[in-house]
Amino acid sequence: MSESKTSRSRAWNFPTSPRSPYKLQGELQLLKAFDGRVWDKNTQLEFAKSLANYAGFEGNVSKEETAFSARDRLRGPRLMGFICTPKRGTKDGKLEFTEVGKLFLNATEEEQELILQRQIAKVQYRSHLHNNKGFEDMNIRPLMLMIKLLLELGKMSKEEIALFALTLTDYKKFDSVVSEIKLYREIVSKKKAGLERKTFKKDYATQYVNKVYEDDIESGRTKLREGGKDFSKTKLQTLKDYADSSIRYLRATGLFTLLPHGQTLALTKAKIDDSMFLLEKYGTSVSDKTDVDYEDYCKNYLGNPSLPVLRIDNTDDQERDFTKMYQAVKQSDSIFADKLKEEFSQAKSSVEKINTIVRLEKKITEIQVKNEAKNIRVDFDSSLGDIKQIFEDIASRDKDIVDRPLMYEWNTWRSMVLINDALNVQGNYHADADGNPVSTASGNMPDILCEYDSFWLGVEVTLQSGMKQYETEGEPIIRHIGKLQKSRVDTDDNRPVFGLFIAERINPEVVSHLYSVASRKSQVYSGKVRILPIERQSFVQLTESALKHPQFSNKVFLNFFEDVFSKDNAELGELDWFNLVRQKAAEIHLNYH
């Protein structure tokens, strides 16, 4: 049998389907219906159909290769050890949920982080899950490798991770690759910022990819699984896609943070002891579990919810961590801190103690985010300039931004913090222990919730455009703001409720839809649901205008909203109204007092 003409696997990676580990739980709940069933083409087609009908599914089910779409969606759950699928070539083999998979199904967001930390710590290349040629030559554990790299380098960009980290497939080559990264950084720093630096980085990346795949290129193994005709260009893009998904999976452990301003991955300062423990105890080479058989590996190693042992499992470390965090929380919320102290002292098991520690960690995250909000308002001009630049970076396709929707949501939260005297501006994105954003808001609430003395404001943001914007955002934003309004009415809160919908470009269908909804009372939502559509550039102008106002307050903001939704303006056509919104948003400092 002749050797395949397809290139060998030259990089480790975390799955791109689903790209985010936060999608795993919802899809696993669909997959649970197939637990214990023979995993053949018929069940794969059934699962693909259920995926296509699932509201939380982000992706496409191929009409030509439907069964493949179902198998492809299992890459994440398999790698995480949540399920065990039949070994390739097995006839009538069944799909089975592992013990940790069953545990993950109903885990809270806080519990998911600890589970994912254990499971991602077990991921290794080579393993029984990887059958493509090239994997057999690997010897690396990605989680511990990234800890070691970041301890050495401080931080890494997405491009550096794509080129250097993912292609570091043998732990013995660590030192030589680190030297190469340092040399690369030194050369880049000497190139003139702009076109010269950009051209160098592009050429270097192509040459580096050609070096990684040198044997394949010389042997003629350049057929692309990904499609396309340009081998080097396609492989580079694939590595970047792998880097994006790998960063997301790594961050889900809580051990890594994404520094938003530089878009670089670093170790979470608050979890550095946990990272050091994993690296020192398990190292960067594969474990001896690669020597067991396939089923034992899947069920008893990957599927064991107690493996590997983490630092937090040690009772002495639990006591130390709790005491340290208790002191930090007590300074800002002594009642909450003392309550958890009592719960911790009365805990009957290690699991109960860990749950209390996790709740304390969540409180520290809230404190970190509040401190960030205070810092934003220390220097208005500096913060505004930074916010505008990050919006521009997100909009630019030339910038390597990890998780653009998340960065858009986070940056909008910063804007809302900057421009007003709110009682509270709550960003519903999830943050890590260092206060940096990790994932976007859950789908059942506004992205940002602002409470003022005189009104409430729910803010929704999207990077969707065209008809996709109307199809995916039209109903949810009305539901979120409508439910917010109803909840306020039901609690006898008489403050009016408004919504703000921000996008790079607003689809005219969305404008028409929101304009129509705002003009009629809803019995379901206890009144008119008034949501203002605004393009990001106009929103930035609104921010600048508010900061120019000599006496800006939330009453000024309220006057703006009441004006654009006034009876007179309701008589305009929707597109004329939208243009009026743009004009008034840019002139808040002139027109409202």
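Reader: Hi! How are α8 and α12 oriented to each other?

Author: In this predicted model, helix α8 (residues 158-165) and helix α12 (residues 231-251) have axes that cross at roughly 110°. The two helices are therefore roughly perpendicular to each other. Their axes come within 8 Å.

Reader: Is that α8 and α12 crossing left-handed or right-handed?

Author: The crossing of α8 and α12 is right-handed.

Reader: Nice. Which residues in α8 and α12 meet there?

Author: From α8 you have K158, E159, I161, A162 and L163. On the α12 side, they meet L236, L239, K240, A243, D244 and I247.

Reader: And by class, how many nonpolar, polar and charged residues are in that contact?

Author: The contact of α8 with α12 has seven nonpolar residues and four charged ones, with no polar residues.

Reader: Okay, another helix pair. At what angle do the axes of α7 and α13 cross?

Author: Roughly 115°, and the axes of α7 and helix α13 (residues 272-282) come within 9 Å. The crossing of α7 and α13 is left-handed.

Reader: Which residues make the contact of α7 and α13?

Author: α7 brings L143, M144, I147, K148 and L151, while α13 brings I272, S275, M276, L278, L279 and Y282. By class, that contact of α7 with α13 has nine nonpolar residues, one polar and one charged.

Reader: Great, and how far apart are the axes of α21 and α24?

Author: The axes of helix α21 (residues 508-518) and helix α24 (residues 574-585) are 9 Å apart, and the helices pack at an angle of about 95°. That makes α21 roughly perpendicular to α24.

Reader: What meets what between α21 and α24?

Author: P508, V511, S512 and Y515 of α21 meet E574, L575, W577 and F578 of α24. By class, the contact has six nonpolar residues, one polar and one charged.

Reader: Switching to pockets: how much space lies in the second largest pocket?

Author: About 470 Å³. The second largest pocket has a lining of 18 residues, and E111, L114, V351, I354 and N355 lie nearest its centre.

Reader: Which elements give two or more residues to that lining?

Author: Those are α5 (99-105), α6 (109-122) and α17 (350-376). The lining of the second largest pocket divides into nine nonpolar, four polar and five charged residues.

Reader: Now the backbone. Where are there cis peptide bonds?

Author: One joins S17 and P18, with omega about -5°. P18 is found in the segment before α1 (24-31). Another cis peptide bond joins Y125 and R126, where omega is about 20°. R126 lies in the loop between α6 and α7 (142-153).

Reader: Good to know. So what is phi of D92?

Author: Phi of D92 is near 60°, a positive value in a residue other than glycine.

Reader: And where is D92 placed?

Author: D92 is in the loop between β1 (83-84) and β2 (96-97).

Terms used: Residues numbered from 1 in each chain as written. Predicted model: local features only at pLDDT ≥ 70, side-chain atom pairs only at ≥ 80, totals over all residues. Heavy atoms only, no water. Axes fitted to C-alpha atoms, helices over the stretch in contact; angles between N-to-C directions. Helix = DSSP H or I, 4+ residues; strand = E, 2+ residues; numbered from the N terminus. Parallel < 35°, antiparallel > 145°, perpendicular 65-115°, else oblique. Left-handed = near helix turned anticlockwise from the far one by under 90°. Contact = heavy atoms within 4.5 Å. Nonpolar A, V, L, I, M, F, W, Y, C, P; charged D, E, K, R; others polar. 1 Å grid on protein atoms, 1.4 Å probe; cavity = no way out; pocket = protein on both sides within 12 Å on 5 of 7 lines; lining within 4 Å. Points joined across faces, edges and corners; volume = space filled by probe spheres on them.
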